[in-house]
Amino acid sequence: MSCPNCKKSGLVEITLNIATRPVTMRNCSSCDSRWWQSEGESLRLPGVLALASRR
Ligand SMILES: [Zn+2]
């Protein structure tokens, strides 16, 4: 998979469990953009924070 922003490969992928949902964070080391995905849907950062605070 390559970065949708700068088209380079070399993404760092980290999966976390937030509020029992697996959330994958991808970070591009070239342009430093970052995005989140959970169960096949894209999340914006506010959505991730909302999940994280729902305990
Ligand atoms: Zn990039």
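The zinc ion is held by four protein donors, C3 (SG), C6 (SG), C28 (SG) and C31 (SG), at 2.2 to 2.3 Å; donors here are N, O and S atoms within 2.8 Å of the metal (3.2 Å for Na, K and Ca), with water not among the atoms. This is a predicted model, in which local features need pLDDT of at least 70 and side-chain atom pairs pLDDT 80 or more, while totals for chains, interfaces and linings use all residues. Residues are numbered from 1 along each chain as its sequence is written, and side-chain values use heavy atoms, without hydrogens and water.

The arrangement around the zinc ion is tetrahedral because the 4 donor atoms subtend angles of 107 to 114°; for four donors, the term requires all angles to lie between 85 and 135 degrees. Along the chain the donors follow the spacing C-x2-C-x21-C-x2-C. C3, in the segment before β1 (11-18), and C28, in strand β2 (residues 21-28), are 25 residues apart and link distant parts of the chain. Strands are DSSP runs (E) of at least two residues and helices (H or I) of at least four.

| Residue | Burial class |
|---|---|
| C3 | buried (under 20% relative accessible area) |
| C28 | buried (under 20% relative accessible area) |

Partly exposed lies between the buried limit and exposed, over 50%, using a 1.4 Å probe and protein chains only. A50 is in helix α1 (residues 45-53).

The largest nonpolar core comprises I18, V23, M25, W36, L43, V48 and L51; such a core is a set of buried Ala, Val, Leu, Ile, Met, Phe, Trp, Tyr and Cys residues joined through side-chain atoms within 4.5 Å. β2 and α1 each give two or more residues to this core.

Notes. Four donors count as tetrahedral if all angles lie between 85 and 135 degrees; four count as square planar and six as octahedral if opposite donors are over 155 degrees apart and all others between 65 and 115; anything else is irregular.
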